[in-house]
Amino acid sequence: MHDHRPDTHPFVIDVRELGRRAGAMSRVERTVPAPADLTSMGATVPAGSDLELDLRLESVIEGVLVSGTATAQVRAECSRCLDPVHDEITVELTELYAYPETDARGRLRAAPDDGQAAADLDERPLDGDRLDLEPALRDALVVALPLAPVCRDDCPGLCPQCGARLADDPDHRHEQYDPRWAALGALSESLTEPTRPTGSGRPSETINGSHEKEEG
Ligand SMILES: [Zn+2]
Ligand SMILES: [Zn+2]
């Protein structure tokens, strides 16, 4: 055990014990306080709320490969009824924390010619024997936040006329806006409008009497 003191930063992980032996592994299971400003348009991870990490650290030739999941609490507003929404999201992480260009023995870093498709990995710098998970967590969580959160899948939302919560009052309606009344109104209007016969007789003669002027 060489935990001289707890990491001052909860997202910084000491990887010394992996000892740069390719294949060495360790597990990180801890609950850390969520960082501030983890917010998207529709939702937020409250600062200081529980962020559960379940990660595997694996020593590889290029550095330390971190994979696993992070689970965060999400607070949002239902996009339909504006009620508060409490949710949880779990994101998957796969990050390569790379050694500097040369490793401890002065070798050049191995080209990514074997195994892992290095191009598919997010690569981040390894700071000595420490890696900082926060930027990776932040990136993964922000894009996973729901854009249009709902309090429940079938949330009926709000009445477009008065803003009442339709979930509380499913039969809610407004008589004066009943589309059937609107249809009746339109019908009665068309009935009272004077109707002219079309296509019968000589309509141009009867409209403004200009017929005779043009001839004479
Ligand atoms: Zn809702
Ligand atoms: Zn209403």
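Colleague: Where in the chain's secondary structure is the place of L53?
Modeller: This is a predicted model, in which local features need pLDDT of at least 70 and side-chain atom pairs count only at pLDDT 80 or more, while totals for chains, interfaces and linings use all residues. Residues are numbered from 1 along each chain as its sequence is written. Strands are DSSP runs of E of at least two residues, and helices are runs of H or I of at least four, both numbered from the N terminus; on that basis L53 lies within residues 50-60, which form strand 5.

Colleague: Is L53 buried or exposed?
Modeller: A residue is buried if 20 or more other C-beta atoms, placed from the backbone, lie within 10 Å of its own, exposed if 12 or fewer, and partly exposed in between. Because L53 has 20 C-beta neighbours inside 10 Å, L53 counts as buried.

Colleague: Which residues is L53 in contact with, leaving aside neighbours within four places in sequence?
Modeller: Contact requires that the C-beta atoms of two residues, placed from the backbone, lie within 7 Å. With neighbours within four places set aside, the contacts of L53 are V28, E29, R30, V32 and A70.

Colleague: Which residues of helix 1 are buried?
Modeller: Helix 1 spans residues 134-144. Its buried residues fall within an arc of 115 degrees, taken from the directions from the helix axis to the C-beta atoms, so they line one face of the helix. They are A136, L137, A140 and L141.

Colleague: What pLDDT does the protein average?
Modeller: pLDDT is the predictor's confidence in each residue, from 0 to 100. Residues scoring at least 70 make up 68%, and the average is 79.

Conventions. Chains are lettered from A and ligands numbered from 1 in the order in which they are written.
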